[in-house]
Amino acid sequence: MPNHLEQARTGRASCRSCKKAIAKDELRLGVEAASAFGDTPSLQWHHLPCAAAKLPVELGDALKAFASEVPDRAALDATMAEAITKGHAKPAGLPYADRAPTGRARCLQCAEPVAKDALRVAVERELTVGGAVQAGAGYLHPACVAAHVTAQGGDLDELVAGVRANSRIAAAELEAVVAALR
């Protein structure tokens, strides 16, 4: 079952964004997520205003498929547009481009810090945590991406396609990142 809107059947579910209860009969967004308890995915619930700020693409898709009227639709649309423009939306997956929220990350290629609010590219990398190997995100300056992909034996065109598909930043910023990748 893909992401969808529905009225809350009870008041027991909590919003995964703000952690507050979702009232009975209030519209909510269900986002499909992997379950730790089995192979069947579960739904994570969100208030619509919370989803508009954190998951604008997922909410937009669900709103298109929702047949009934949605209260405060204009406000939701404005919040979704602002979240995408300012880069606050969660990316769809790796690789993606975004603005660095802090200045703590170091570029995987040149080892220099990625400045706060600078555009960066996130790629998948392996992390060893407590003896276990797991996938995580690593960050690159856009100008360092081509050298990193070449050193890893990857395909730059495939990475660019992934960045275009998964990024949640303004179109002009995305084009600037893609231009710097080559």
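Predicted model: local features only at pLDDT ≥ 70, side-chain atom pairs only at ≥ 80, totals over all residues.
Reader: Quick one to start: E6 and R28, buried or exposed?
Author: Both E6 and R28 are buried. Buried means under 20% relative accessible area, exposed means over 50%, and partly exposed is in between (1.4 Å probe, protein chains only).

Reader: OK, back to E6 and R28. What do their side chains do?
Author: They meet in a salt bridge, 2.6 Å from N to O. E6 sits in strand β1 and R28 in strand β2, so this pair ties together parts that are 22 residues apart in sequence. A salt bridge here is a side-chain nitrogen of Lys or Arg within 4 Å of a carboxyl oxygen of Asp or Glu.

Reader: Which other residue does E6 form a salt bridge with?
Author: R9, with the closest N and O atoms 3.3 Å apart. E6 has a relative accessible area of 14%, whereas R9 is exposed at 62%.

Reader: How many salt bridges does the structure hold?
Author: It holds 6. Another one of them joins R164 and E175, the closest N and O atoms being 2.7 Å apart. That pair links distant parts of the chain, with R164 in helix α5 (residues 156–166) and E175 in helix α6, 11 residues apart. Both ends are partly exposed: R164 has 39% relative accessible area and E175 has 40%.

Reader: Since you mention α6, which of its residues are buried?
Author: E173, L174, V177, V178 and L181, in a helix that spans residues 171–181. Looking down the axis of α6, they fall within an arc of 135°, so they line one face of the helix. The arc is that of the directions from the helix axis to the C-beta atoms.

Reader: What's exposed on the face turned away from that side?
Author: A172 and A179.

Reader: Zooming out, what's the overall pattern along the sequence?
Author: It reads β-β-β-α-α-α-β-β-β-α-α-α, which comes to 6 helices and 6 strands. Helices (H or I, at least four residues) and strands (E, at least two) are DSSP runs, numbered from the N terminus. The C-alpha atoms fill a box of roughly 55 × 40 × 30 Å along the principal axes, and 38% of the 182 residues count as buried.

Reader: Last one: where does P101 lie?
Author: In the loop between β4 (96–99) and β5 (119–129). P101 is exposed, with 53% relative accessible area.

Reader: And how many residues separate P101 and K116 in sequence?
Author: They are 15 residues apart in sequence and 5.8 Å apart in space, C-alpha to C-alpha.

Methods: Residues numbered from 1 in each chain as written. Heavy atoms only, no water.
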